[in-house]
Amino acid sequence: MPYDLSRRHFIKQGVLAGITLYTIPVLARFKLNLNGSNSLISPELAESWQNDGHVNHRVDAVAKVTGEKIYGRDLRAIDIDGWPNEQYWAYYIRVDRADRIFEGINLDFLPDNIKPIKVITAETLKADNVHLPSFYGVDMLVSKGRVPDYIGQTVALLIFDTFPKFDRAKNMIQFNKNVIKLGETAPLWADSQNPWGTWRITRVEGNPQGVLPDKYSALKDGVNFPPYVNHKPVWPAPNATGTPIEQQMAIAAEIAEDFKNPDYFVLDRHYQTQFIDPMFMEPECFNGWYDAKTQTMHAIPTSQSPANIHKNASEMLATGPLAGKIKNLVIHSPYIGGGFGGKDHSILPYYGLLAAMYCDKPVRMANDRFQQFQSGMKRHPFDMHNQLAVDKKTGLFKGLISTMELDGGGRANFSSAVASVGASAIQSIYYLPKNDLMANAYVSDNVTSGSMRGFGTLQSMSAMEMMVNEVAQILNMDPIEIRKKNAIKVGQANTQGAIPSSTEHYQEILDQVQHHEIWTDRFKRKKEFEAKNPNKKFATGFAICTKDYGTGNDSPATYIELDEKGNIVMGVAAVEIGTGSQTSQGAVIAPFFGRAADTVNLAGVNVWDPLKLVETQSSFTMSEAYQTKMAQDPRWTPTIEMASSASNSAYFQSKATENAAQIIFNYGLWPAAKAIWAKLYYSDGTKYADIDFGSPENATWVDGKLTAKGFIPLDLPTLAEYAHQHGFVTSAMVHSFNRWAWVEADFTIDGETKRYQIDALAIKYGKGASADKKALMNDDGWQLLDRQNVRYPSTDLNNAMVVYYAPCATVVDLAVEPGSGTVEIIRTHTWLDAGKVIVKELVEGQIEGGLVMGIGYALHEYLPGGTEGPGNGTWNLNRYHVPLANQVGVWNMEHTILPPTGDHDQRKGIAEVVMIPIVPAIMEALYQITNKRFYHLPVTPQDIKETFL
């Protein structure tokens with residue numbers, strides 16, 4: 001990376017499948033800047049987002065409110081430097097049912113002057129040897145003579161050479177039932193497929209305290225997977241001395257027998273949740289161009305996981321009509337707009353890439369809202385059978401048995417992982433001495449379900465909280481006291497047998513709720529409200545949960561570069577999906593530099609070429625012996641890249657950012673400060689070593705200036721200039737890895753060896769570096785350091801599944817009009833443990849946005865399955881109800897963000913947990929009003945009306 005920090009440049013990624021990979025920020029003819037704004041915004045206004053370490057607003061706030069922020073969906077070929085002005089337009093035809101033989105398409109009705117210039121079918125792909133990336137399975141297009149895999153599957157690609165032709169043809173094709181020719185009825189393809197994944201998490205504590213060792217657990221004894229018979233999981237008979245899976249079944253049988261204890265009350269309930277759409281504001285889009293002259297494929301996807309685009313696109317381009325013709329793959333990384341998980345590992349970029357493979361000019365493919373509903377990923381619907389055993393006298397939970405069936409749709413994606421996470425999350429904040437939790441993600445003819453905000457935990461924890469509220473009511477216990485009795489304590493194991501490694505404030509949150517007026521005065525408010533509104537019923541509901549964050553395969557990377565004027569440019573692997581990660585990562589470095597970064601580059605998809613990292617096997621499946629062997633290679637890492645998902649920026653991405661900032665401070669700014677102070681206070685400078693400057697950890701920034709032990713404060717430009725003049729460390733690039741614990745390794749800088757939670761490090765020295773130091777740096781100016789004594793987290797921790805948690809609780813006041821069944825959200829109060837907060841306003845935005853999303857899930861949003869569902873192509877916002885401002889209590893959203901336990905409290909990923917407790921809180925309030933418990937979502941006005949009949 002050249003030292004001209006503002007220069008826009010291609011960033012080499014490496015070589016895969018014989019194709020050289022690059023990333024580049026999207027550049028538009030109107031001078032699009034890296035932060036998404038354009039030159040019409042003054043530098044002073046653009047830089048006003050922060051001063052002296054304080055964040056005034058989001059980095060992109062000015063660009064957003066002035067309409068100058070550019071998203072991938074806004075771009076056309078004419079906007080991109082170096083691209084031709086002319087552009088093609090791609091349109092995909094999708095089938096609206098999956099129970100009849102596909103016999104082809106009919107486009108004869110199109111006038112000749114608007115017919116597509118190319119029609120690509122499954123037969124074309126077969127002839128040209130085109131394949132989907134293996135992650136998504138097979139059958140990119142439906143072949144003639146066979147039944148589609150699922151409703152909404154693509155059957156043909158049409159290419160148009162002008163927009164007017166495309167637009168007219170699309171209007172004639174989109175809702176035309178005569179376009180797709182269907183034959184005889186046939187069995188569903190889904191019925192002949194094994195599930196996407198089946199999990200079973202079984203545990204029995206080893207002692208009454210709930211601390212390790214366990215008698216049996218997934219972490220201690222491993223995870224077992226059943227065989228499939230007739231495409232259904234079949235668990236073997238119990239055998240305490242048999243195979244590992246038979247031993248697990250023996251433990252499961254023991255748990256089931258224990259549930260017959262007459263001292264236990266067992267709540268046995270079924271719960272159902274629905275399909276919903278992520279409903280991000282910007283439907284998915286793709287621009288692509290194969291430049292035959294330079295043998296370069298350009299792609300502009302709108303993806304949360306651009307890191308995976310490199311691998312998958314390279315795999316796809318290795319065969320097909322351009323096989324051997326592509327030397328370079330350039331992924332442009334734009335702002336994608338909202339994501340909510342729906343743009344994480346979406347298949348759409350590969351349909352865009354397919355179009356680009358068959359075009360000699362740039363091509364654009366952009367879903368309209370109908371198409372997004374038809375083809376975009378959905379939230380998995382869950383069908384759960386839960387049994388919660390509770391000691392009748394003490395109110396202590398004695399165990400949980402759960403069977404979850406979730407619909408993964410007809411295309412491979414993250415369904416197996418969602419099943420695993422949903423099962424491991426159901427325990428929520430509670431300690432369970434015994435558990436037997438099974439989750440099965442089955443194949444169906446529905447639209448694909450995949451990664452969506454909550455990742456299975458919204459479904460399972462909402463059900464758990466509904467159960468806790470019902471148990472409290474049946475056993476005549478206070479709903480908060482029963483939670484206090486059962487909240488997991490420090491040192492107790494989770495359902496997998498792992499000890500949570502983050503500090504949670506469960507008891508503190510429950511105490512605060514119990515003494516807050518929104519809870520203590522709830523009956524008083526009910527009386528007053530109903531007196532003023534005799535046609536309405538009022539109630540208050542409460543729920544709490546705790547959501548894991550991270551994937552167990554998190555690999556953040558960060559680079560930070562400091563120029564001689566004190567300007568800071570940094571880059572991170574994260575993608576901005578609306579959460580404010582660009583702003584927060586820029587702010588994370590303030591404790592080390594006295595202020596936030598000037599420029600934060602995003603979506604650094606494997607841009608870390610100076611680190612020369614390599615990966616081999618999957619980190620989820622490799623053995624401990626294999627990891628130990630490979631770790632001897634200082635360039636090896638379990639995983640190079642990280643997608644923006646699983647609430648992973650606040651904690652995981654920040655860890656890499658803080659390590660990079662710490663290294664520049666320790667070996668750049670701190671030595672510069674000491675040298676300047678020595679000259680100021682000791683004219684001869686000969687007693688430098690005898691001066692007590694204190695440790696760098698005790699140095700502080702005040703009003704943008706560094707001071708320590710009373711020495712004169714120094715501003716960043718002064719320190720940066722000195723560090724550059726004397727060749728101190730001025731830039732650092734790091735990579736780390738977390739498998740429910742951090743990697744650690746020793747690195748030696750300027751003769752000093754220290755241990756960091758990273759596994760790769762490269763540094764740059766200032767411009768005044770000695771010839772010896774300059775000789776250590778490569779052509780890009782980086783010196784790559786070799787790690788020593790590396791220790792990666794044990795592969796056994798894969799069975800821990802989760803150890804990091806963030807708790808959240810919500811109290812809701814709502815009213816119901818019995819005549820219409822309409823629900824009015826009057827007031828909410830949310831308590832959140834976010835750990836060490838980076839930017840408070842961003843956390844507050846997540847609280848409010850998550851709350852609204854949860855309200856939609858509980859009361860409004862719904863998609864049916866089958867031929868009446870979104871796969872038929874007729875769904876849009878005229879049918880799909882997203883909650884409006886007057887339905888969410890927008891002016892009465894209150895919150896309490898708990899303070900961290902101390903300066904060393906970890907940051908927590910909270911983007912998902914904030915949407916969960918409002919759902920069961922609403923269900924409880926509705927019960928208080930209707931005296932009926934609902935076990936399905938959403939609860940509709942009709943459901944409510946029927947309770948008053």
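**Reading the terms**

Visitor: Why is V888 called buried?

Guide: In this predicted model, V888 has a relative accessibility of 3%, and because buried means under 20% relative accessible area, V888 counts as buried. V888 lies in the loop between α22 (840-859) and β36 (893-897), and, leaving aside residues up to four places away in sequence, V888 touches I825, V852, I855, P883 and M893.

Visitor: Why is I712 called partly exposed?

Guide: The relative accessibility of I712 is 40%, and since buried means under 20% and exposed means over 50%, with partly exposed in between, I712 counts as partly exposed. I712 is found in the loop between β26 (705-707) and β27 (714-715).

Visitor: Which residues make the nonpolar surface patch?

Guide: The patch, of about 380 Å², is made by L680, Y681, Y682 and I712. Residues of a patch need over 30% relative accessible area, and I712, at 40%, is over that cut-off.

Visitor: How do you describe two packed helices?

Guide: One gives the angle between their axes and the distance between the axes. For helix α11 (residues 457-474) and helix α23 (residues 918-930), the axes come within 8 Å and cross at roughly 35°, and this crossing of α11 and α23 is right-handed. The contact is made by L458, S462, E465, M466, N469 and Q473 of α11, together with V919, P920, M923, E924 and Y927 of α23.

Note on methods
Residues are numbered from 1 along each chain as its sequence is written. This is a predicted model: local features need pLDDT of at least 70, side-chain atom pairs count only at pLDDT 80 or more; totals for chains, interfaces and linings use all residues. Side-chain values use heavy atoms; hydrogens and water are left out. Patches are made of residues with over 30% relative accessible area and no salt bridge: like charges are joined within 9 Å, nonpolar side chains (Val, Leu, Ile, Met, Phe, Trp, Tyr) within 5 Å. Accessible areas come from the Shrake-Rupley method with a 1.4 Å probe; for residues, only the protein chains shown count as cover. A salt bridge is a side-chain nitrogen of Lys or Arg within 4 Å of a carboxyl oxygen of Asp or Glu. Helices (H or I, at least four residues) and strands (E, at least two) are DSSP runs, numbered from the N terminus. Buried means under 20% relative accessible area, exposed over 50%, partly exposed in between (1.4 Å probe, protein chains only). Axes are lines fitted to C-alpha atoms, for helices over the stretch in contact, and angles run from 0 to 180 degrees between N-to-C directions. A crossing is left-handed if the near helix is turned anticlockwise from the far one by less than a right angle, and right-handed if clockwise. Contact means heavy atoms within 4.5 Å.
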